[in-house]
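Please look at the structure shown here with its sequence alongside, and follow the report strand by strand and ring by ring.

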Amino acid sequence: MLNRRTAAVAAAVVVGVVAAALPTSAVAAGSTLYVNDAATANCSDTAPGAGTAAQPYCGIQAAVAAALPGTAVLVAPGRYAPVDVKTSGTATAPITVTASGPGQSSIVAGSGSRVPALAFDRVQDVVVHGFTIGDGVTGSPTVAVTGSVDTVLESSQVRQSPFNNPSPAVSVDGKSSGFVLRRSTVSGPEQGVAVSVAPGARGTVLTTDAITFGSGPGVSVQSAPGTVIVSNLVNAMTGCPTALDVSGSSTGSTVENNAFRTGFGPGCGNTPVSVPVSVSSGSLAGTTWDYNTVETASTDARYSWGGTAYATAAALHAAAAQAAAHDNGLTLTSMTPADQLAAPLIDSADANAPDELPTDLNGLARVDDPLVTNAGTGVGYYDRGAYEYQDPYTVRPTAPAWRGPVPLAETFGVTESNPWNTHITGYTFDFGDGTPTVSAATASVPHTFTATGTYTVRVTATAATGATFTGTTSVQAVAPAPLVPLLHVAQTPSPALTAQANCWSSTDSWSLTTCTYDFGDGSAAQTVDAGAQAVRTYGKPGTYPVTVTVHDAGGNSATTAGTVSVGSSLVPVAPFRILDTRTGTGAPRAKLGPQGVVRLKVAGVGGIPTSGVTAVVLNLTGVDATGSTWVAAYPDGTRTPTASNLNLVRGQVMPNLVTATVGADGYVDLYNAAGSVDLVADVEGYYTTGNVTGTANAPGLVAAVASTRVLDTRHDVGVPTQKVGPGGTVTFTVPAMWGGDSAVVLNVTVTDATSSTFIAVQSSSAPPTTSVLNVGAGQTDANQVVVPVGAGNQVTLYNAAGSVDLVADLQGYVLDSSYTAPPFGPTGRPYFPVAPMRVLDTRTGLGAPKAPLGAAAVDTVQVAGVHGIPAGVKAVLVNLTGIAPTGSTWLSVYADGPPAPGASNLNLSPGAIQAGLALVPVGSDGAIDVYNASGSVNVAADVEGYYLG
């Protein structure tokens, strides 16, 4: 057979071949040609006598054109132009083209070219070895075999561009015979075939290759008699396409010892499912099929044999006695190392299969796994697929300390994993500091590092068979320094009231060993490895003292202390209506009269938990007040506060975001001071100290930031300048603070409305039914909103009618359970709700002088350490009210210290009384600033809650 003869020829080149390794019968004196395109190589493709080591060819093409039978072309590392081989060898004197090192030399067709990177062009007896072929994007196969006889490509990497090129990675035309592809990796296109054998080709051999492919088939054999496909891994990039298709009349073929795999990784996905392997009825005569493994995520049939589908190897063998007697399979759910070992590939191949090689794709010998029963032929322990599973023994050097002060005296041992019970006869240590290696029968070797530095310590274990195994570790010898303990402790968003503590930033000349934590609530101290985190779940919200004692490998210890505050986490939700007195939702269908109270049930409503809820985020709207009034939200069962959340005049529709503390009974009270008014409330989130599961958004901690403008349709911020029309939306991106941003806190302003309208958050394709802001024609108004972010941190706002300009200022983030506590992540803070608490009123002199706030003036208001607010407060939720300004103006509230951000929280008309909620960082001095843009205005500020941590 042609493939028998080719195999004999190809044995002339082995892994890592150099010129001296070629048999003398194949290399005549003076027949070695050199290729080296390095700038210092003095290369030439045209100089007389080019091709010597002193003056090599610059390109591979020039060398193969000059080659004669028996010539060895040796190629130095480099990136080379496409090669069209048109020179032949003979059966006893092939031409060999060899890269100097695996993967170091590449043959690349340039982007947009229409030629193969490597072509066997009507030649015979040519062997190409050790190249990376085809990084470029071409319009043709990467490797093309055309009209050639007994050619070999081995130990190479063939890459077809995954996009924009449906051509195969390897193409064998119908006039070729005896082509061998072995010990190579082939990456096919995303849309198409990886290896194509055309009608008329004969004796093609694919052995011990790893072939990946896209839509497939991975290997396509069409009316190509005598094809041999042995010991290959044929693996789909994604989905469940056909891995092997033998069609037409491909009689006398052999398919053995292969691993066909589809649905690798994510499963079959949304792509069409095809049968993994298929052999046509015209190809059955003389064809051998056995010892293959079909691994797939599909639950459909695994085989198509002669046009009939078979679900299992047993079913196929029962119908066709000559097929699949020793086949097996695996249903893939994922592909972890454990899955690979579970796959029935090990010690189960036919060692006598045609063109089966004694070593695997990496040149590793066939070995017997003592933990697996031998089920193969011959010696019985050849593995299926392209890779032979090797002895899993691993070794790594160990030392009492991975860092220590010089002189650093260590005693090195080893950690080993030895599932095969390999007999190890001794160990050799190389300490990486220039001292001689040390060999020992047992692993206990002392060594002292006398100079500072980072050293790679290497241990080599020698088995009784002579096999060696190597592992390394790193040791730092440093200048002496004291142990300085550092503590990082912060609440995690979930589980509830849980804190994580670490000592990772502690410094020492010795490596740290353990850290012992006392969480300050009477629980037992926890000792964990220095690189791990300690976790404590507290019984109730509060601020607790935490201490850590850090221990090092030198026997030293030191203690430091800190505090942790654990409180409520925020669960953002898509807005839903919980109250509407116009329709009877959540309360009787009637306006709320003077000094009337609505008891609004929150806990257990609309997916809100029945317990653990401490506050609810409501967009509260007053509708059609019969006279001037104000509305307050407060926990049920407590006294009515004097602080307002809404201020209304007759006939007005006015919203404001309220974070209302929930009473112990799960209710919030809403009080109306005078006249009658309808109230509407939409939930945007809730705070909880309980564990929350099954919600669209995970609980999160809040990180307040200086107000930052992220959208302004007037000034090309976030989107191009353009008003938002009726029924229109605007989508903009909020800068990500962390990978776990589940929601953002925005102050949304609408201005220049051409008609009465409402603004809403668009969370689905349907028009929203709950608003965040209601305005009349010509009005400018603002409201805070908590918005769950979509893919790419995007937010979409909807305008109901007319045309408006929209402005959005970022005030904070909600960091969900993927949040990483400091020092490696941002700081999210837990929330502590309070009954509304007034901290500023310029009419009475509370918190600032008793005088209206003038134009471009600032009042500094102390919030930390007053009115029961803790001294360490980091941010506050403030309901800011502007009262009777002398002209149109706007107010901004921000942390004391930094300059005013230039973003507004409230927009006021002359004589109006209007409120707006703001998330405000607190300055390092515990104060916040309130700025008025123009005219003069009285200002009140009420704290609804604060953030610690």
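In this predicted model, strand β49 (residues 629-635) and strand β52 pair in the antiparallel sense over five bridges, where two strands count as paired if DSSP finds at least two bridges between them, and where strands (E, at least two residues) are DSSP runs numbered from the N terminus. Within this pairing, Tyr 634 stands opposite Asp 669 of β52. Strand β47 (residues 596-601) also pairs with β52 in the antiparallel sense, over six bridges, and here Gly 596 stands opposite Asn 672.

Six of the six residues of β52 (residues 667-672) are buried, so this strand is largely enclosed by the rest of the structure; buried means under 20% relative accessible area, with a 1.4 Å probe and protein chains only, while exposed means over 50% and partly exposed lies in between. Tyr 667, Asp 669 and Tyr 671 point one way from β52, whereas Val 668, Leu 670 and Asn 672 point the other way.

Residues are numbered from 1 along each chain as its sequence is written. Because the model is predicted, local features need pLDDT of at least 70 and side-chain atom pairs count only at pLDDT 80 or more, while totals for chains, interfaces and linings use all residues, and side-chain values use heavy atoms, with hydrogens and water left out.

Two open sheets can be described in parallel terms. Strands of a sheet pair through backbone hydrogen bonds, either parallel or antiparallel. Six bridges join β63 to the antiparallel strand β68 (residues 927-932), and Thr 860 has Asp 929 in β68 as its bridge partner.

Another open sheet of four strands has the order β42-β41-β44-β45, again with antiparallel pairing. Its edge strands are β42 (526-529) and β45 (557-566), each of which pairs on one side only. Strand β44 (residues 542-552) is joined to β45 by 10 bridges in an antiparallel arrangement, and the bridge partner of Thr 547 in β45 is Ala 561.

The aromatic rings come next. Rings of Phe, Tyr and Trp (its six-membered ring) pair if their centres lie within 6.5 Å, and planes under 30 degrees apart count as stacked, over 60 as edge-to-face and the rest as tilted. By this rule the count comes to 21 aromatic pairs, and two of the pairs are set out below.

| Pair | Centre distance | Plane angle | Class |
|---|---|---|---|
| Trp 289 and Trp 305 | 6.0 Å | 80° | edge-to-face |
| Tyr 831 and Tyr 947 | 5.0 Å | 50° | tilted |

Trp 289 lies in strand β26 (residues 288-290) and Trp 305 in strand β28 (residues 303-305), 16 residues apart, and both are buried. Tyr 831 in strand β62 (residues 831-841) and Tyr 947 in strand β69 (residues 938-947) are 116 residues apart, and these two are buried as well. Phe 412, Phe 429, Phe 431, Phe 449 and Tyr 455 form one aromatic cluster.

A charge sits over a ring if NZ of Lys or CZ of Arg is within 6 Å of the ring centre and within 35 degrees of the ring normal. The charged end of Arg 599 sits over the ring of Tyr 667, 4.1 Å from its centre.
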